[in-house]
Amino acid sequence: MSPALFPRGFAWAERLHRIGSGYRFLGGTLLLMLVFYAALYQPYAADSLPGRCLVRYLELVAHGSALWLGWLGEVVSVEGTTVDGRFPFVVVLDCAALDAQALFAAAVLAFPARLGDKLLGLAAGLLAIAGINIARLVLLYFAGTRSLRLFQVLHEEVLVLLIILIVCGLFAAWARWARERVAPAPAITANAARA
Amino acid sequence: MRLELKPTLLGAALFLLLLTAASWPWSAREIAFSRALSAIGNLCFEVVPVAPGTEIELVPLLAARERSATENVDSDTQLVLRLAGGEARLGISLRRDAYLPLSIFVAALLVLPLERRRKLASLGLGVPLVLGVAIASVASLAVFVSSQAPGSSVPSWQARLAEFIFDCWLTPPGNRVIAPLLLALGFALGGGQVPGWFRATRARAAATG
């Protein structure tokens, strides 16, 4: 049986500890997001290494979208970051869900868990978000073929919210899994529940 | 696990319901919001000059205007920039940049399990904060645009800061969702409300580490 974090009668200390832990996590997430944003959203020169990497990533997203659209029976072609078809679109930095990926990565890295679990969570989560973003682009393509207004609403409001909520869900699922991987301690769980 | 999952899913469903109700397109509400926030913003811009040689004014539109080929949003407000060389008008959407983040913050806070008094205090602090950030974002957009004009008198440090804010804060679309959600989470943490999975992890890590 593992020891309790605080003895009985020290609920106030546990509460302060809990608040401090939460703010450390939130502060760490914000700080890491700032670092990721500063690295990702810099206006890099097109011929610089980060600039080329970002363009290459956008091209990958464009190719991924075209592949999925092809599977769904659409006749599309890709040139650079442009997907040409019934509703042609260009994949720009804002379309790559890099903000969602930065949020997920920052939250996972700031969360108190084992390094191996963090790396596994990062790899699986970032891949999942990239896949979800491609699904978003495919959905936007079909919306665009039907109505420009529908495309605009989905693009600017609905899917932006949805992808961030999915990221929150993915993070919560990973955090729950990471918790289960830390030594199981029913006594502590009971203690935490009492608090 | 089921006990923990059920209220979370219910909370998420309630959050989406509240958000859908609050953000459903309704032009009368959007015009009223644009008028109110423009008035507050213009008052702020009068009191705090944003950039030397630049006058800013927010002009609410009488009806939402569909975007032109050069704009990337349907505007409900015009950002008027008066520079030494003339005047520029930019269409902006206060619905997208201020109303939706505000709705997300309020819906999240209403759903989070906080005491009623704490919830009201958080709303009292958070709503002006979200609106203040929206006005500051408009100001930084104005400074960024002004700094791009030929012969601009915006100091170089302010231009660089405005460019950084433009690239890292205004450009990523997810920020309009992430920021109000994190703010609501911050208020919840202040109330000692931490999701169960987080609380237990901390406790176990401390106990085993």
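Q: Why are helix 2 of chain B and helix 3 of chain B said to be roughly perpendicular to each other?

A: Two packed helices are described by the angle between their axes and the distance between the axes. In this predicted model, helix 2 (residues 27-47) of chain B and helix 3 (residues 94-111) of chain B pack at an angle of about 90 degrees, with their axes 11 Å apart. Helix 2 of chain B and helix 3 of chain B are therefore roughly perpendicular to each other, because angles of 65 to 115 degrees count as such.

Q: Which residues of helix 2 of chain B meet helix 3 of chain B?

A: On the side of helix 2 of chain B they are B:Glu30, B:Phe33, B:Ser34 and B:Leu37, and these meet B:Leu94, B:Arg95, B:Ala98 and B:Tyr99 in helix 3 of chain B. Sorted by class, this contact of helix 2 with helix 3 of chain B has five nonpolar, one polar and two charged residues.

Q: At what angle do the axes of helix 4 of chain B and helix 6 of chain B cross?

A: The axes of helix 4 (residues 116-148) of chain B and helix 6 (residues 175-190) of chain B cross at roughly 155 degrees and come within 11 Å. That angle makes helix 4 of chain B roughly antiparallel to helix 6 of chain B, and the crossing of these two helices is right-handed. The contact is made by B:Ser122, B:Gly126, B:Leu129 and B:Val130 of helix 4 of chain B, together with B:Pro180, B:Leu183 and B:Phe187 of helix 6 of chain B. Its residues divide into five nonpolar, two polar and no charged.

Q: What is the handedness of the crossing where helix 4 of chain B passes helix 5 of chain B?

A: Helix 4 of chain B passes helix 5 of chain B in a left-handed crossing. The axes of helix 4 of chain B and helix 5 (residues 156-170) of chain B come within 8 Å and cross at roughly 125 degrees, and the two helices are therefore oblique to each other. In helix 4 of chain B, the residues B:Ser137, B:Ser140, B:Leu141, B:Val143, B:Phe144 and B:Ser147 take part, and they meet residues of helix 5 of chain B that include B:Ala159, B:Ala162, B:Phe166 and B:Trp169. By class, this contact of helix 4 with helix 5 of chain B has nine nonpolar, four polar and one charged residues.

Q: How many helices and strands does chain B have?

A: Chain B has seven helices and three strands, which follow the pattern α-α-β-β-β-α-α-α-α-α when read along the sequence. Of the 209 residues in chain B, 38% are buried. Among the contacts in chain B with a separation of 6 or more, 65% are between residues 24 or more positions apart.

Q: What does the secondary structure of chain A come to?

A: For chain A it comes to six helices and three strands, running α-α-β-β-β-α-α-α-α from the N terminus on. Buried residues make up 34% of the 195 residues in chain A, and of the contacts in chain A between residues at least 6 apart in sequence, 62% join residues at least 24 apart.

Q: Where in chain A does pLDDT stay under 50?

A: Where pLDDT is low, the predicted coordinates should not be read in detail. In chain A, pLDDT stays under 50 over residues 187-195, a stretch for which the model has 16 contacts beyond four places in sequence. For chain A as a whole, the mean pLDDT is 87, and 84% of the residues reach 70 or more.

How values were computed. Residues numbered from 1 in each chain as written. Chains lettered and ligands numbered in written order. Predicted model: local features only at pLDDT ≥ 70, side-chain atom pairs only at ≥ 80, totals over all residues. Axes fitted to C-alpha atoms, helices over the stretch in contact; angles between N-to-C directions. Helix = DSSP H or I, 4+ residues; strand = E, 2+ residues; numbered from the N terminus. Parallel < 35°, antiparallel > 145°, perpendicular 65-115°, else oblique. Left-handed = near helix turned anticlockwise from the far one by under 90°. Contact = placed C-beta atoms within 7 Å. Nonpolar A, V, L, I, M, F, W, Y, C, P; charged D, E, K, R; others polar. pLDDT = per-residue confidence, 0-100. Buried ≥ 20, exposed ≤ 12 C-beta atoms within 10 Å, placed from the backbone.
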